[in-house]
Amino acid sequence: MAVNGSPELLIVMGAQATPDQIEEVVARLAEAGAHAHVTAGKEATVIGAIGERELLATLPLEGFPGVERVLPILKPYKLVSSELAPEPTVIEVNERRIGDGYFGLIAGPCTVEHREQTLSTAWTVKAAGATMLRGGAFKPRTSPYTFQGLGLEGLEILAEARAETGLPLVTELMDPRHVEAVVETADVIQIGARNMQNFLLLSEVGKADKPVLLKRGPSASAEELLMAAEYVVKEGNARVILCERGIRTFERSTRYTLDIGAVPVLKQETHLPVIVDPSHAAGRRDLVLPLARAAVAAGADGIIVEVHPAPEEALCDGPQQIPSADFAEFAGEIRELAALMGKVIG
Ligand code: PEP
Ligand code: MN
């Protein structure tokens with residue numbers, strides 16, 4: 001359900017609180033013209049109270065039976081905040097999971113170039129144990145003179161790859177005019193780094209019934225990423241995966257600087273899963289595995305990597321794509337490291 005207004009107060013119900021007591025708090029909030037956002041956790045239920053802070057302050061919520069604590073939500077992000085839902089969110093897509101012990105291994109080409117390239121990569125990553133297939137049909141390219149993606153035809157090829165391999169699809173939506181087509185085909189809608197603050201697009205995918213993979217903009221702070229996620233969740237779509245993919249710094253030896261510290265920071269701040277894209281951060285194939293290892297060790301809930309049957313012929317991002325022939329070894333190493341961190345490939 002879409003949320004109108006900002007959740008300002010957190011009402012933590014005691015572990016013994018009954019459904020009736022929870023209902024009573026919700027009803028009292030409604031009576032006062034406020035709304036409730038109820039999150040039922042394993043330990044306790046947490047109610048976010050949405051309304052004017054001044055009005056909420058006048059309600060004697062602490063005295064209600066079953067209420068343990070009432071706290072203000074001080075962070076600018078509310079629905080995505082770990083305060084509101086202290087337990088990690090697990091995102092499930094066609095029986096694949098990301099979050100809370102489930103590690104997502106998303107792999108595939110940067111771009112759908114043609115049918116054979118996409119299908120062959122899909123089979124390679126599937127055989128190596130990838131949980132989802134990535135691939136762009138609509139591509140955000142720095143230069144208008146480079147390959148811009150196959151568009152709708154690319155979506156059809158991706159759909160065929162899914163039908164053959166059974167892997168759920170992660171593909172990028174760039175333009176509100178393509179919402180219908182992308183939402184229909186994708187299993188996870190990717191919002192790319194360049195569109196992280198395209199608020200219109202965020203609101204659109206917030207109304208969609210598909211999970212969203214939201215990439216951090218190269219010059220966006222972690223807090224701005226969380227605020228962007230808040231735009232999506234506010235519209236009713238709570239299934240958001242955050243992705244650190246490198247930020248712009250003065251360093252030139254890598255394409256971007258992977259902000260590995262953002263992983264534990266985000267994991268503290270939000271209940272949403274956090275994954276890492278070492279391919280776009282590195283920009284070079286030899287660094288993808290070390291950065292992916294760092295991501296696992298930092299506590300990421302998954303990685304998204306680019307794989308191509310012949311990277312030297314790739315129409316986009318060739319230098320960073322892992323050759324198909326090397327992917328099984330790569331995946332094997334990630335699986336072992338994830339297990340060390342207490343995670344299973346979801
Ligand atoms: C991508 O994943 O295809 C992509 C373009 O990445 P980013 O938006 O992070 O640059
Ligand atoms: Mn790419």
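Arg245 lies over the face of Tyr256, 4.1 Å from the ring centre. In a second case, the charged end of Arg97 sits over the ring of Tyr102, at 5.1 Å from its centre. A charge sits over a ring if NZ of Lys or CZ of Arg is within 6 Å of the ring centre and within 35 degrees of the ring normal.

This is a predicted model, in which local features need pLDDT of at least 70 and side-chain atom pairs count only at pLDDT 80 or more. Residues are numbered from 1 along each chain as its sequence is written.

The structure also holds two aromatic pairs. Rings of Phe, Tyr and Trp (its six-membered ring) pair if their centres lie within 6.5 Å; planes under 30 degrees apart count as stacked, over 60 as edge-to-face and the rest as tilted.

| Pair | Centre to centre | Between planes |
|---|---|---|
| Phe199 and Tyr231, stacked | 4.4 Å | 25° |
| Phe327 and Phe330, stacked | 5.7 Å | 25° |

Phe199 is in helix 6 (residues 199–206) and Tyr231 in helix 7 (residues 222–234), so their pair ties together parts 32 residues apart in sequence. Phe327 and Phe330 both lie in helix 11 (residues 324–340), three residues apart. Helices are DSSP runs (H or I, at least four residues), numbered from the N terminus. Phe327 is buried, with a relative accessible area of 0%, whereas Phe199 is partly exposed at 35%. Buried means under 20% relative accessible area, exposed over 50%, and partly exposed in between (1.4 Å probe, protein chains only).

Notes:
Chains are lettered from A and ligands numbered from 1 in the order in which they are written. Side-chain values use heavy atoms; hydrogens and water are left out. Helices (H or I, at least four residues) and strands (E, at least two) are DSSP runs, numbered from the N terminus.
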